[in-house]
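Here's a quick briefing to read alongside the model.

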Amino acid sequence: MKKLAILGSTGNVGTQVLDVIDMYPDKFQIIALSGNGNIKLLKKQIEKYKPLYVGVTDEKKARELKKEITIPIFSGNEALIKISDLPEFDTLINSVVGLAGIETTLRAIENKKDVALANKETLVSAGEIVMQKAKEYGVKIMPIDSEHSALFQCLNGEDIKAVHQLVITCSGGALRDKTKEEIENASVEDALGHKTWSMGQKITIDSATLMNKGFEVIEAMWLYSMPIEKIKVVVHPESIIHSMVKYSDASIIAQMSDPDMRLPIQYALSYPERWNAPIKHFDFSKNLTFKEPDLERFPCLDLAFWAAKELGTLPAVMNAANDFMVQKFLNRECRFMDIYTTIKNVMKKHENIKHPTLTDIQHSISWATEEAKKTLGEKFAVNKLKL
Ligand code: MG
């Protein structure tokens, strides 16, 4: 029986993790759950899964919950770290959104817990430190993302030296077939109108800009120790092939299924076993198509390749500026293309620190957020933009 701590259990990935667990209740015990905003749902989950501990980062909401339940609640900024320190679980499922996920992953590694990773910030911003630590402590990091799960499966049992290229597929996002002008004027609704995957709002905007794909490129570099020159992105609108590996003999191994996050989640938990499908089997009723990503319409992907080449603190800066800008866009406080131009300007100004410490990364993140705020503020002052 696997003993799990699930961080971010009320989020989009977290709830799908629990769907998988519902299919195999005798294989798992839930030691801890953590949530932030949605206390109602968290309370329902506590009643159903009976964890030994609960984490709520929001202090006020934690106090609310304390009135209703008797099990120990960790609250505030330390809540996630305290859960990572619990001796009772063996696998941490990190589906926290945002930067809090980095420290939590590091702490779980130091405690020799396996990590099933859905938090993007961990590897994008601190990939070098995290992978070094995982090696040092002999900890397994299993990706929950469909693309990295696909790559993991295509690389399984193969000689890494025979890899010619990792090919990461991409649905193209909600604005895939729009013109440059339409993209410039895209509304929040346009950008959220994602077709093939059901995801949270932040990641759906990141899919529309292709920044999410850029993050996945950087994550793949760290997970599979691959230089950026050996990673390619291909637009595949049907989202049936989740990624592929080209080998030196020109063979391509691909992993395919209907698009559903519950499959990569289940595989991260079942590996090296394969359990019965949590989703329906693909029936070959769709034609599969591929095309090159258009960097002129989706320049955020180019920024990610730039960050991937430079590494150091630049990916963390890109990520933090993107975080800030996507929130602004969702609040209707900037235009769609401002996301790209602001991130680019912030990255240009950044003095990159190679082989950074965690403190360097944290400083760069605060700097980038401030700089994005300033850059966007100046633009609005000059153009008197009204949205
Ligand atoms: Mg993905």
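**Strands and crossovers**

β1, helix α1 (residues 12–23) and β2 make up a β-α-β unit that is right-handed, meaning that with the strands pointing away from the viewer, the path from the first strand over the helix to the second runs clockwise. Helices (H or I, at least four residues) and strands (E, at least two) are DSSP runs, numbered from the N terminus. This is a predicted model, so local features need pLDDT of at least 70 and side-chain atom pairs count only at pLDDT 80 or more, while totals for chains, interfaces and linings use all residues. Residues are numbered from 1 along each chain as its sequence is written, and side-chain values use heavy atoms, with hydrogens and water left out.

*Around β2*

- Strand β1 (residues 2–7) runs parallel to β2, and six bridges join them; two strands count as paired if DSSP finds at least two bridges between them.
- Within that pairing, L33 in β2 sits opposite I6.
- β2 also pairs with strand β3 (residues 53–56), again in the parallel sense, over four bridges.
- L33 has V54 as its bridge partner in β3.
- To get from β2 to β3 the chain goes through helix α2 (residues 39–49), in a right-handed β-α-β crossover.
- Strand β2 (residues 28–35) is largely enclosed by the rest of the structure, because seven of its eight residues are buried (under 20% relative accessible area, with exposed over 50% and partly exposed in between, using a 1.4 Å probe and protein chains only).

*Around β5*

- β1 pairs with β5 in the parallel sense over four bridges, and A5 has L92 as its bridge partner in β5.
- β5 and strand β6 (residues 114–117) are parallel too, with four bridges, and T91 is partnered by D114 in β6.
- Helix α5 (residues 100–110) carries the chain from β5 across to β6, and this β-α-β crossover is right-handed.
- Along strand β5 (residues 91–94), T91 and I93 point one way, L92 and N94 point the other way, and all are buried.

**Magnesium site**

- D145 (OD), E147 (OE) and E216 (OE) coordinate the magnesium ion at 2.1 to 2.4 Å; donors are N, O and S atoms within 2.8 Å of the metal (3.2 Å for Na, K and Ca), and water is not among the atoms, so sites may look incomplete.
- Along the chain, the donors have the spacing D-x1-E-x68-E.
- D145 counts as buried because its relative accessibility is 13%, and E147 counts as buried at 7%.

**Cavities and pockets**

- The whole structure has four cavities of 30 Å³ or more; on a 1 Å grid over the protein atoms alone, a cavity is a set of points where a 1.4 Å probe fits but cannot get out, a pocket is an open set with protein on both sides within 12 Å along at least five of seven lines, and lining residues have an atom within 4 Å of a point.
- The largest cavity holds about 80 Å³ of space, and its lining includes W222, L311 and P356.
- Helix α6 (residues 120–137) gives the most to that cavity's lining, with six residues.
- The second largest pocket holds about 300 Å³.
- Of the 17 residues lining the second largest pocket, S257, L263, R274, A277 and H281 lie nearest its centre.
- The largest share of that pocket's lining, four residues, comes from α12.

Notes. Grid points are joined across faces, edges and corners, and a volume is the space filled by probe spheres set on the points.
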